[in-house]
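This report describes the fold of one structure, from its domains to its sheets, helix packing and chain contact.

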Amino acid sequence: MSLAKPGKYTVEATAGDRKASVVWEVFDTGAPKAKNVILFVGDGMSVAHRTAARILSKGMVEGRYGGELAMDDMPHMALVSTAGTDSVVTDSANSASSYTTGHKSCVNALGVYCARNKDTLAHPKVETISEVVKRLRGMSVGVVTNTEIEDATPASMVSHTRRRSDYNDIVKMFFDVQPDVIMGGGSPNFLAKSTPGSKRPDEDDYIKKFETAGYKFVSTKTELANAKTAGKVLGLFNTGNVDGALDRFFLKKGGVPKFPDQPDLTDQIGAALEILSKNDKGFVLMVESGRIDKYSHSLDWERAIFDTIMLDNAVKVAKDFAAARNDTLVVVVPDHAHPVALVGTYDDNRPGQQLRDKLGMYEEAGFPNYPAPNADGYPDKVDVSRRLAFMFGAFPDYCDTGHPYLEGENVPAVAGATKDTYVANEKNCDVPGAARRTGNLPFKAPQGVHAGDDVILTAMGPGAELFRGRIDNTRVFRFMATALGLAPGSSQ
Amino acid sequence: MAAHGSPARLTTRRRALLGAAAAVLSAPAAAVLSAPAALALDLATLQFDQLYKSFGVRGYEFSDTLLGLKGKAVVMRGYMAPPLKPESHFFVLTGQPLALCPFCQSDADWPADIVVIYLRRASPLVGGGEPVTVSGQLEVGSWTDPQTGFVSQIRIVDATFRRS
């Protein structure tokens, strides 16, 4: 269905005595202002993540920062509300879907209105920005992430499903839409069932299909560096999520021993921009730093902050690209919040045995003593004697060590003896000084959860001036579409 | 493959565990299949870090050790993933206790190196995160469970288990 005339349309459906309605605002975008759009999504990136990233990567002396984050140093800012049609607290599927389609949806849904169909692929679909810009303009599209490429945020660029976990269907949707650049983790859903490591139920070899369709396939940072001349690229760098910056650059834990040559988000966006900018008609590129959220779920804040710094480094690459031309809108936005806050510092040298004895509040907090950041903005040590006290407001039963997890991503809780209950991971309880926290979430929650707080968007470039005040998350789509002038004079 | 379709049979937990323990202590029936090495002592012990020789983006490669034991009687120690049902002929063995139940939560996913266990007969299963020792016949290669659609690469069939 299409509505060509701008205005407000109310669609009503009735069945017996039940009634539902939705108001659609059809808008005229005016003429194009921007040729390209780069949309950065810091998954779950809340204000405390941003502040902690600034402290670690820029340093602080007497309350003043040693520099600005690239994402802070932008002329336009807005407060974005993220609720979905079914809940005040959203998930990454329907929040990202608001950005890529302009329509609100419900938890776990991508590119659809939530109906009652059993078939998750049969819910009413709405077009994504990738589909719109390819159909109307012949623009190029890029999807770059450090999560599995089928994960909610990157999937929102191409997907129409009620259930975000339909990974195998989402791979097919990527193939159907054919973004010119596709980079992330999650290769098992591209492999034929008979290949060990596959997660497909069929014999479709999607790597081969993409190659046949003209894509250059790369699986390491080295291969990616040699693929910049390609027309289209599929990069899958891990079977799961690409490892975070703390593990790749410093601790060498997680999947790093298995995948020692994974690219950084900065490598990915660098290659993506070279490839996409060859199209004279412009491009839309989504770049996600997805493990800010995942590490916040696992109550592992140092890893979340290193990936916030990584996002900022990727934003810097985009700003450098955009600075040389005045045709690119750059938007940096989280998709939802986590309940996190900076409360003070933990100082090993404070008297007392318990973790709470080590917490300095107000003037006793002082400043943390992380070493000066390296050229990429990362301090090379996180287990310093006076650390940020970065606290989580919602959690299962767990043991808080007050220290970074140097042996690998934190596992706060494990399955309990009773079905659908989770208990503290006793490994953490054995750490000297660890504090046992009684969970404040339902027993079925294995980890931290999202929050309904608003999130902060920053933007620069042509069209960025539209972002101001408090906006609904669907406005992000509208303002990107307006900057690109996707429907000029549609009222005629 | 007969073991895959074992009809569910109600047994008490105690009887099932005793039966499993007895099977491991004496020569398990599975070992008889690999005659003449039918002694319990000759059961090859397989460890999780011996399953694959590489984990690549384009797929994993089975190790030579694993392929050498294909069709033979093996013993593996691991953790029972949180089961779907309290009693079943089927569970997933993992190298580390799983924080989440991938059956139960759509977001979660299985680790790469899992082994699917098809028990000789349906048994009450232990809670998630419990270490167990499994013995049975090793099967290697892609196989789709016709009942559940679950695809596995490495299986121990005609298996028995005990807490360990």
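The sections below take these topics in turn.

## Basis of the description

This is a predicted model, in which local features need pLDDT of at least 70, side-chain atom pairs count only at pLDDT 80 or more, and totals for chains, interfaces and linings use all residues. Residues are numbered from 1 along each chain as its sequence is written, while chains are lettered from A and ligands numbered from 1 in the order in which they are written.

## Domains of chain A

Chain A is split into domain 1 (32-339 + 455-484) and domain 2 (395-447); the bounds come from an automatic or database domain assignment. Between the C-alpha centres of the two domains of chain A the distance is 29 Å.

Domain 1 of chain A gives 10 residues to the contact and domain 2 of chain A gives 12 residues (two residues are in contact if their C-beta atoms, placed from the backbone, lie within 7 Å). On the domain 1 side, α10 (291-297) and α11 (301-323) of chain A are the elements that give two or more residues. Helices (H or I, at least four residues) and strands (E, at least two) are DSSP runs, numbered from the N terminus. The domain 1 side consists of three nonpolar, three polar and four charged residues, where Ala, Val, Leu, Ile, Met, Phe, Trp, Tyr, Cys and Pro count as nonpolar, Asp, Glu, Lys and Arg as charged, and the others, Gly among them, as polar.

## The sheet of 10 strands

An open sheet in chain A has 10 strands in the order β9-β10-β8-β7-β11-β3-β12-β20-β6-β21, with mixed pairing; two strands pair if DSSP finds at least two bridges between them. Its edge strands are β9 (216-218) and β21 (470-472) of chain A, each pairing on one side only. From one strand to the next, the twist averages 15 degrees.

Within this sheet, β6 (residues 76-81) and β20 (residues 455-460) of chain A run antiparallel and are joined by five bridges. Val80(A) is opposite Val455(A) in β20(A). Helix α9 (residues 265-276) of chain A lies across β7 (140-148), β8 (181-185), β10 (233-236) and β11 (283-289) of chain A, at about 170 degrees to β7(A). Axes are lines fitted to C-alpha atoms, for helices over the stretch in contact, and angles run from 0 to 180 degrees between N-to-C directions.

## The sheet of three strands

A further open sheet of chain A has three strands in the order β14-β13-β15, paired antiparallel. The edge strands are β14 (359-360) and β15 (386-392) of chain A. Two bridges link β13 (residues 340-347) of chain A with β14(A), and Tyr346(A) has Leu359(A) as its bridge partner in β14(A). Helix α1 (residues 47-58) of chain A packs on this sheet, touching β13 and β15 of chain A, with its direction at about 40 degrees to that of β13(A).

## Helix pairs

The axes of α1(A) and α11(A) come within 9 Å and cross at roughly 80 degrees. These two helices, α1(A) and α11(A), are therefore roughly perpendicular (65 to 115 degrees; under 35 counts as roughly parallel, over 145 as roughly antiparallel and the rest as oblique). Residues of α1(A) in this contact include Ala53(A) and Leu56(A), and those of α11(A) include Ile305(A) and Ile309(A).

Helices α2 (residues 92-101) and α14 (residues 474-484) of chain A pack at about 25 degrees, with axes 6 Å apart, and α2(A) and α14(A) are therefore roughly parallel. Their contact has three nonpolar, four polar and no charged residues.

## Contact with chain B

In the contact between the chains, 24 residues of chain A meet 22 residues of chain B. Strand β17 (residues 413-415) of chain A gives the largest share of the chain A side, three residues. That side of chain A has 12 nonpolar, nine polar and three charged residues.
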